[in-house]
Every structure is written in C-alpha cells, then in structure tokens.
Amino acid sequence: MQPSDPARILIVDDEPTLRLGFEYSLQTEGFAIETAGGGDEALDRLGECDSVPIDVVLLDLRMPGKDGLEVLRDLRAAGNYIPVALASAFVDMHSLEEALSLGVVDFVQKPTTPDCLRRVVWKIVAEERNSSAVRASDPMSLARHHLRRGQRRAALDALKEAQNPFSTSDQSALCALIHLLEPDCSTNDGEPCCDEVNLSASEVVELIAGEVVARV
C-alpha cells in the first residue's frame, strides 16, 4: 500500500547496516525516509525550522554519545511531541517507565522483520492522521492518543468521561498503562481506577502496542 501523501520517517541508529535495512523496508511502502547516525544529528534535523517536517521518529535506545532517552528528554523539554517509536533488543523496566512518561508511541523489538516494522509505522501514521472527531468518538483511541504523548491526566480524563461504553479488556489495558505512570489515579467516585498492576517490561511493551490484555 502506497501512501497518497507520504509520511516522512526519521530513522535514528548508530548501526549503518540497520539504518539501511530499516530504510529499504519502509521505502518500499512509499514513505519518505531520512536517517541520522546518532542523537545529536537527530536533534539537529528535528530542530530545523525550514525543513520538511518529520512525521515519525524510529529511535534506537542504546547509542554511543546521546542515547535514545536523552534525545527524548531534549525533545520534550523543547515542547516537541513528535511521535517516537523506540527500538531496542532489550528494555529494562526503568528505561521503559521513563520512555512511557516521555510519551513514546510504540516499541520495536530488535531484531525485527520488515513486516513488523512496517506494521508499527503504518499504525503510528494512521493514528496520527485520524481526525480529532474520530478519536473523540472512540474513548480508547482518544485515551491512548493522550497517553502516548505523555499526557497522562488527559488520558485519565478521557477514560473517566467516556460517554460510550467500551470493552472490559480495553478498559483493563488502558488502566494498567495509566496506573504505571500515575499510580494514584482515581475514578469519578474516588475509587482507584484499577488494582495494583504487576507487569514485566516485555508485557508493557506488548500492551502499549495493543497486542495483549493486562492482567489486573
């Protein structure tokens, strides 16, 4: 499937072979691709006011010099909430929690396949291009939209103020994500929005991608 208005993807990784593989996998889908070999180079590109805007960043977590989390911190400190998918062979719980708090949109487990990479990017692009009206009619989508941008309170408000009922599994998954970031969250009647959540880092990675249901 070729996008009629190609999204521009910035691939940030210190491994040239991996950058090339990611680039080829996404170019065949019609995306416009740019690459950066490190965190500072990525920040320079994202800070260029007169350049074509980047739509999605695929960001390696572990790089020499400025790593992925440092890049995320700098972006958010500058008020830049561009969608970022974090790529890594291993994510520890501390890094995962910080990445989520910084509004990471999705995760790419290395090594990955071209099809998996394409699915992640297509999902992000589709969600970013959904109209606000569509999100407003879907409480789960709206809450995830806020949560993935680090807007925890807005995500919780969307959950509490939802006019349309949504599935128990969706509610449990969203509650688990919010609970990890805001343990003191509560519902309109003052009750905790969810029970204590105990998930591994890999389970949270899958959960934020919408592929598993939280065990709450």
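This note walks through the structure above in numbered points.

1. **What kind of model this is.** You are looking at a predicted model, in which local features need pLDDT of at least 70, side-chain atom pairs count only at pLDDT 80 or more, and totals for chains, interfaces and linings use all residues. Residues are numbered from 1 along each chain as its sequence is written, and side-chain values use heavy atoms, with hydrogens and water left out.

2. **The overall picture.** The chain has 10 helices and 5 strands; these are DSSP runs numbered from the N terminus, with helices being H or I of at least four residues and strands being E of at least two. Of its 216 residues, 48% count as buried (under 20% relative accessible area; exposed is over 50% and partly exposed is in between, with a 1.4 Å probe and protein chains only). Take contacts between residues at least 6 apart in sequence: 64% of them join residues at least 24 apart. Contact here means heavy atoms within 4.5 Å.

3. **The largest nonpolar core.** Which residues touch the most other members of the largest nonpolar core? They are L10, V12, V57, L59, L72 and L86, out of 25 residues in that core. A nonpolar core is a set of buried Ala, Val, Leu, Ile, Met, Phe, Trp, Tyr and Cys residues joined through side-chain atoms within 4.5 Å. At least two core residues come from each of β1 (8-12), α2 (39-46), β3 (56-60), α3 (68-77), β4 (84-88) and α4 (93-101). Helix α3 gives the largest share, 4 residues. Apart from this core lies another, of 19 residues, including A7, L58, V105 and V121. As background, nonpolar side chains in soluble globular proteins tend to be buried together.

4. **L59 and L72.** L72 sits in helix α3 and counts as buried because its relative accessibility is 0%. Its contacts, leaving aside neighbours within four places in sequence, are L59, V84, L86, L102 and V104. L72 and L59 are 13 residues apart in sequence, and their C-alpha atoms are 9.0 Å apart in space. With residues up to four places away not counted, L59 touches V12, G68, V71, L72, V84, A85, L86 and A87.

5. **Helices α2 and α3.** The axes of α2 and α3 come within 9 Å and cross at roughly 25 degrees. (Axes are lines fitted to C-alpha atoms, for helices over the stretch in contact, and angles run from 0 to 180 degrees between N-to-C directions.) That makes α2 roughly parallel to α3; angles under 35 degrees count as roughly parallel, over 145 as roughly antiparallel, 65 to 115 as roughly perpendicular and the rest as oblique. On the α2 side the contact is made by G39, L43 and L46, and on the α3 side by V71, D74 and L75.

6. **Helices α1 and α5.** How do the axes of α1 and α5 cross? They come within 9 Å and cross at roughly 65 degrees, so α1 is roughly perpendicular to α5. Here F22, S25 and L26 in α1 meet P114, L117, R118 and V121 in α5. R118, in helix α5, is buried, with a relative accessible area of 18%. Not counting residues up to four places away in sequence, R118 touches S25, L26, T28 and E29.

7. **The aromatic pair.** There is 1 aromatic pair in the structure. F31 and W122 form this pair, which is tilted, at 4.7 Å centre to centre with 55 degrees between the planes. (Rings of Phe, Tyr and Trp, the last by its six-membered ring, pair if their centres lie within 6.5 Å; planes under 30 degrees apart count as stacked, over 60 as edge-to-face and the rest as tilted.) F31 lies in the loop between α1 (16-27) and β2 (32-36) and W122 in helix α5 (residues 114-129), so the pair ties together parts that are 91 residues apart in sequence. Both F31 and W122 are buried.

8. **Two loop spots to look at.** D13 lies in the loop between β1 and α1. Is D13 buried or exposed? D13 is buried, with a relative accessible area of 2%. Leaving aside neighbours within four places in sequence, D13 is in contact with L18, R19, A36, G37, D60, M63 and K110. The peptide bond from K110 to P111 is cis, with omega near -10 degrees, and P111 is in the loop between β5 (106-109) and α5. For background, most peptide bonds are trans.
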